[in-house]
Amino acid sequence: RALLEQGEDLDLEQGAFLLAQMEYPRLKRKDISDPLDKIALAVDKAIAEEEPLPTRPIHAMRRYLFENQKFRGNEKNYGDPKNLFLNHVLKTKLGIPISLSCIYLFVAWRLKLLVHGVGLPGHFIVGHRVPRGVVYIDPFGGGRILRTKDCEVLVRRLGMPFRQSYLDPTSNIQILARMVVNLINFYTDQGQTVRAHWLAKLFQLVR
């Protein structure tokens with residue numbers, strides 16, 4: 001409740017930690033923040049080694065996270081609730097779109113980079129701002145760069161018409177709410193109705 005009182009720009013990393021702590025009661029905030037700090041330091045060094053172009057932070061982030069560290073989508077076991085717990089994602093390098101996007105966001109925010117979440121229907125991605133606009137990145141897809149047309153394809157595959165507003169920045173509280181909804185769905189599919197019911201109550205506070 002104290003976190004939600006922060007409003008739309010709440011501490012998303014704290015929210016992700018609290019969700020993970022439900023599954024791992026002994027988890028400490030540093031168990032998530034320390035690995036993210038180390039990744040940020042490595043990316044910062046990588047940025048300094050890139051060609052001095054406006055897009056060099058993007059190149060450094062993509063190379064380190066997805067080529068070096070090999071963060072990737074867990075396509076074989078997508079519906080595992082652990083895909084949403086950042087301590088587990090940081091350990092296994094496997095996750096779903098929203099958790100992998102959070103890893104990207106939390107690292108980039110440590111480096112004061114201009115990034116935001118983009119909640120496409122059915123697929124969460126990252127918007128990374130550059131002088132000439134926004135570059136869209138798909139962490140679940142190995143950090144591939146998406147054009148607006150690619151985003152349209154992702155949405156239309158769900159049988160939905162594309163709206164330009166789908167590319168608007170998603171607030172932190174909306175991201176947290178989406179994580180809660182994913183957990184509700186995963187727990188329900190696994191027959192863990194008690195957890196799903198408790199999270200449904202939490203969702204009433206978040207949305």
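Predicted model: local features only at pLDDT ≥ 70, side-chain atom pairs only at ≥ 80, totals over all residues.
Residues are numbered from 1 along each chain as its sequence is written, and side-chain values use heavy atoms, with hydrogens and water left out.

User: How many disulfides does a search of the whole structure find?
Analyst: A disulfide is a pair of cysteine sulfur atoms within 2.5 Å. The sulfur of C102 has its closest cysteine sulfur in C151, at 17 Å, which is too far for a bond. The number of disulfides found is zero.

User: Is C102 buried or exposed?
Analyst: Relative accessible area, computed with a 1.4 Å probe on protein chains only, defines buried as under 20%, exposed as over 50% and partly exposed as in between. The relative accessibility of C102 is 0%, so C102 counts as buried.

User: Which aromatic cluster do Y78 and F140 form, and with which residue?
Analyst: Rings of Phe, Tyr and Trp (its six-membered ring) pair if their centres lie within 6.5 Å; planes under 30 degrees apart count as stacked, over 60 as edge-to-face and the rest as tilted. The ring centres of Y78 and F140 are 5.7 Å apart with planes at 70 degrees, so this pair is edge-to-face. Y78 and F186 have centres 6.2 Å apart and planes at 85 degrees, so they too are edge-to-face. One aromatic cluster is formed by Y78, F140 and F186.
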